[in-house]
Amino acid sequence: MSDNSVLIVGSVALDTVETPHGKVERALGGAAVYSSVAASFFTPVRVVGVVGEDFPKEHLDFLASRKIDTKGIQTIPGGKTFHWAGSYEGDMNQANTKLTELNVFQSFSPELPQDYRTSKYVFLANIDPELQLKVLDQVPDAKLVACDTMNFWISSKKDSLLEVLKRVDIVFINDAEVRQLTGIVNITRAASEIHKLGPKYVVVKKGEHGAVMYCGESICFAAASYPLTEVADPTGAGDSFAGGFMGYLASTGEVSDMNIRNAVIYGSTLASYNVQDFSLGMFKRLTKDQINQRYNEFRQIVHFEPMA
Ligand code: AMP
């Protein structure tokens, strides 16, 4: 039987977030959480992470109520969960990080449950690149590996991040991070440099301006972002994009240039829904029908044909 599960490692967090539309304190968040829930709309997910004793049981129950295997999430007795605090202003394209408390992630060394080790689809969501490498070492049969990162790790753990990049097929990265990683302002040239570091596909997320996929020195696909009239909270947009992308690809089992375009659109669809509410609010009520409806609207937005 083919295994279409996606293995995801990344932060499992309590987030304090403020936007012009409101504020939440210590709400469910984390890169692994957003991406796992997004992927679970398409395919079973195995998640690897760590939380402290303060992590509400209802959050673990919510994840388990989806197609998400949570036995890879360790709970550390007496430990404190990863906590991120950030805010957004103006066009909300960039988070201002106010606080990053790694807490239980500081001494975490992932040991994958036996049945996770045969995973074919792996997403290394945002977390210390050293942990991403430890997970990668335990999935020898991986057929497609993608990773994400952020400014915090580019400045503090660049060498390990370069090791990760050597070993992945796809990197999801936003435009500011592309520039920070390469020191090159022009995104096309910078993406081409990142391609040389390892990944076959470099997917550059541009917030409200959509996502552009580079293969080598040229763009191989570009997607507009969904025209929302109001964004409540952009937190987790990138993770939802990556989770939707990987979940869809794994569910089809087909990793071709053409199908990866569909994955970009499903990723954009999940990201656009996620930002309509704080924390996991929107994903808790989202249906597969709504996902398919927006995917079809995307098809309309980008469709064109030459005049006869
Ligand atoms: P994004 O998709 O980039 O908006 O990701 C937002 C999520 O990233 C939040 O839920 C945070 O908990 C998480 N996060 C913030 N900083 C870090 C970090 N340094 N490492 C891992 N996850 C982080």
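**The ligand shell and its helices**

Of the 20 residues around the ligand, those that come nearest are Ser11, Asp15, Gly30, Gly236 and Asp239; a residue is near if one of its heavy atoms lies within 4 Å. This is a predicted model, where local features need pLDDT of at least 70, side-chain atom pairs count only at pLDDT 80 or more, and totals for chains, interfaces and linings use all residues. Residues are numbered from 1 along each chain as its sequence is written, and side-chain values use heavy atoms, with hydrogens and water left out.

Reader: Which helix gives the most to the shell around the ligand?

Author: Helices (H or I, at least four residues) and strands (E, at least two) are DSSP runs, numbered from the N terminus. At least two shell residues come from each of β2 (13–19), β6 (82–87), α4 (151–156) and α8 (237–252). With 3 residues, the top contributor is α8.

Reader: Are α1 and α8 parallel or oblique?

Author: Good one to check in the viewer. The axes, lines fitted to C-alpha atoms over the stretch in contact, with angles from 0 to 180 degrees between N-to-C directions, come within 7 Å for α1 (residues 31–40) and α8 and cross at roughly 40 degrees. Angles under 35 degrees count as roughly parallel, over 145 as roughly antiparallel, 65 to 115 as roughly perpendicular and the rest as oblique. α1 is therefore, relative to α8, oblique.

Reader: At what angle do α8 and α9 pack?

Author: Helix α9 covers residues 257–274, and its axis is 7 Å from that of α8. The two are oblique to each other. Their packing angle is about 140 degrees.

Reader: How far apart are the axes of α9 and α11?

Author: Helix α11 spans residues 288–302 and packs against α9 at about 120 degrees. This pair is oblique too. Their axes are apart by 9 Å.
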